[in-house]
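Welcome to a short tour of a protein chain. Please take a look at the model below, and then we will walk through it together.

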Amino acid sequence: MPGDAKSMKENINEKLKHIGLDLENIPNTLKENVKLNYKVVKEFDNSSYKVYKYISVNDIEIYLTSTQRLVSLKEKYKHSSHLSNYLNNKEEKYIELIEALSNTNIEEIQKIEEEQNLLNEKMPWNVKYKNAFKWQIYYSKNDNKYFMLAPLGEKDNATLFYLLKEKINCLNNNLDKKIYVPICDEEYSYNYLSKGQTSDIENYLWFFTKKWPCIYEVYDIQNNKYIEIVGRTNIYEGVESSYKIIIENNQKAEEKYKLMKALFIIASDLKFMYNFDCEVDDNGILKFLFEEEELEFKDLEKFLKEQVDKNLDKTKEIIEKTKELEEKLIDLKQENENKNKEYTNKEKQIVMFLQCKKTFIGRFKYFFKTKKSKKKITLKGLEDLPKIIDFIEEEEESIDFIFEEKNRYTIEDLLTICHILEKKEAIYKDKESSIKTVEEKINILNKKIENADMYIQEIENHKRSIFEFWRFTNKDLPNTLTEAEKLKQEQKNKIKKKFSYQEDIQDLGKKMDEFQKNALSKNEIDSLYVVKDYIDIINILCKSEIDDEDDSYISKILANEKNNYNKQNKEKDVIYFDIFGNIDKEPQKANEKEIIEERKDKYEILNFDSKMKLDDFKETLSKFKKILEKEYNKIKIPYDISLYCLLNQNTMSEWSIANINPDNIIKNDTKRENIDIIKYNVPEGSSVLFYTNCILYKGNTKNMGINEDSETLLYLNRFDRELKGKLKRKICLAKNEYENMVKSIKIYEYDLNAKEIKEVNNDK
């Protein structure tokens, strides 16, 4: 045991030397007991901090508590004592301090030091940083002092001894060093924004981004104060970007608040007319767009003027069109009334004939009565017959309106004219609907009149003689006088499901995994799996002639594959046996190992070996290509879906690997600042092959049915492509813990339509 004691003493001496603390010569400043009159007003969330500052280490008093970090603040402060009590006391408290030092690794202190050196050069883009939670620094308003409340109950006290190290260094060398730390219990100063405005901004940003922001009050190394708002927003389908809003002074705060408030009022009240998009600029700062144009506070007055004038013109135009429709409706109603009377007269004549033909006397009377007179029969009591069509017209609202035109407009003016326009458009649409209804009624009457005329004409054609008429009335006539043919209704567009990556990926994965498992043979599944890694070669093999450059490219791929194959075989030859299994592994790492083990072996499917020749390699891949060409149409997608791929990644070739989620493409391409993406809109019922679990893994035990990459195989030769449009966006991504980078994304959108399927020539 003496050896252990000696080793422990050497260990403690090494750590004391590292922090520069000489127990025999402690600086007097550290020995001075500083009493605080700190009042614990309320408990604060220890996991989130609102205020970040650069504070001089000389201005931070060190208090130590025997409790742990997550204990209530009241309890921690109650059991705390100033550092001087631990340095002056050579018994219990001294031992507690030495024990805490012995439990702390020098490496951990060095990590904190490295982190603070980086933070002194530049504040983190996201304001907070990885080890921020370790700093238990508070501010006592009564004493105007900052103090650390170091929990000795924790094993890791690297921040305590780093701070002590820096205090000793500053005292010995007369230096002033600042550290960047969160202040645990400090609220916003509310100098730039009031408490209500801060809460409002959180709500406004959630409305536009659908994610809650983090709002911080930040003081830079020169003690300049900023409000920094950090969050995430959706900039495109399934693609999220980080953003920041920086407020430097009262004027900026007022402008940002009023801009967001104005846009929120407009967008929430007129949600069907106005939609404001969020995007980031070259510095990752959030900006608001309307119809692809940025809106700032200074633009609001002009924006309101343009929008009010535009909607005012629309309102006047819609009123004029409504008047025209009203006149047309009156004419149509009169025409309908006339048609209705005409049909009623013809209907009465036919009804009389049908009644008369029932008896001998009736037929006789009808023949001679109608034979003598060619005049149309008009009967009394038409008002007693039921009407074919009834019209119930409500009194229309007045279409006139009064709106004061001005040189400058407020948000209230915009809301007013938009609601007036909305009401006038409703009246206009109601008139359109009424006209359509009356036109349909007239068309029905025209058809009925046509049928009645045909039937009456047939009766007249058989009245050449009494005998012919007699035979005609004795026949079981077909139902000539049928109800008017139903007019063809405009086929309503089928409401199709719109695929959402976040909501539908599990459902899609399970469906497509099941479809492919049942529809594809083993050879087809193996072909789909193998071509994924050789899509460039597959496109080369689609050419009518393969030149030397192509052969050279394929040879390089083959050589690389041979190296990988040999490396894989060497790893298989080494057998590891872990008696602990997955017990000592993190669950995530254990799962990753299982997934790797389940993955299919492409070399086994290819019958690959280190002696494979170029021609054999090409021939094997050609065989798999032909299998896919023949069987490609077996799998149909259940609804419309959009697929994405890089512009330079075989997007214009016959075969292409496409991703369901564009965010996967953007995050995987870490090198380029400008990314061009192709978006393919693939309609329901089209042929697409998916890399689901039954394709990728041997066991296929995963529930989702599709992996995180969500990749598909598109045979673009089977589709016609039509350019739909282009879109530019910027996305802000984390470069490291302290910096973010902004990428420019250009998206080319194409509609795909399946070509007529032709027989594939497998002899190619």
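## A residue to begin with

Asn 223 counts as partly exposed because its relative accessibility is 49%; buried means under 20% relative accessible area, exposed over 50% and partly exposed in between, using a 1.4 Å probe and protein chains only. Asn 223 sits in the loop between β7 (214–219) and β8 (225–236). Although Asn 223 is not a glycine, its phi is positive, at about 70°.

Asn 607 is placed in the loop between α19 (602–606) and α20. With a relative accessible area of 63%, Asn 607 is exposed.

## How to read the model

This is a predicted model, in which local features need pLDDT of at least 70 and side-chain atom pairs count only at pLDDT 80 or more, while totals for chains, interfaces and linings use all residues. Residues are numbered from 1 along each chain as its sequence is written, and side-chain values use heavy atoms, leaving out hydrogens and water.

## The whole chain

The protein chain has 22 helices and 19 strands; these are DSSP runs numbered from the N terminus, with helices (H or I) of at least four residues and strands (E) of at least two. Of the 764 residues in the protein chain, 44% are buried. The accessible surface of the chain is about 44,300 Å², and carbon and sulfur atoms hold 47% of that (areas come from the Shrake-Rupley method with a 1.4 Å probe; for residues, only the protein chains shown count as cover).

Among contacts between residues at least 6 apart in sequence, 76% join residues at least 24 apart, where contact means heavy atoms within 4.5 Å.

Which residues touch the most other members of the largest nonpolar core? They are Trp 135 and Phe 276, in a core of 108 residues. A nonpolar core is a set of buried Ala, Val, Leu, Ile, Met, Phe, Trp, Tyr and Cys residues joined through side-chain atoms within 4.5 Å. Leaving aside neighbours within four places in sequence, the contacts of Trp 135 include Ile 112, Tyr 129, Met 148, Leu 163 and Cys 184. A second, separate core of 61 residues includes Ile 540, Ile 554, Tyr 565 and Phe 624.

## Helices α15 and α20

Two packed helices are described by the angle between their axes and the distance between the axes. Helix α15 (residues 522–531) and helix α20 (residues 614–631) have axes that come within 9 Å and cross at roughly 115°. Axes here are lines fitted to C-alpha atoms, for helices over the stretch in contact, with angles from 0 to 180 degrees between N-to-C directions. On the α15 side, the residues that meet α20 include Leu 528 and Val 531, and their partners in α20 include Leu 621 and Phe 624.

Is α15 largely enclosed or open? Because 8 of its 10 residues are buried, α15 is largely enclosed by the rest of the structure. Among the buried residues of α15 are Glu 524, Asp 526 and Tyr 529.

Ile 557 is found in helix α17 (residues 548–573) and counts as partly exposed at 24% relative accessibility. Leaving aside neighbours within four places in sequence, Ile 557 is in contact with Tyr 534 and Ile 537.

Glu 108 lies in helix α6 (residues 106–121) and is partly exposed, at 22% relative accessibility. Not counting residues up to four places away in sequence, Glu 108 touches Lys 134, Asp 156 and Ala 158.
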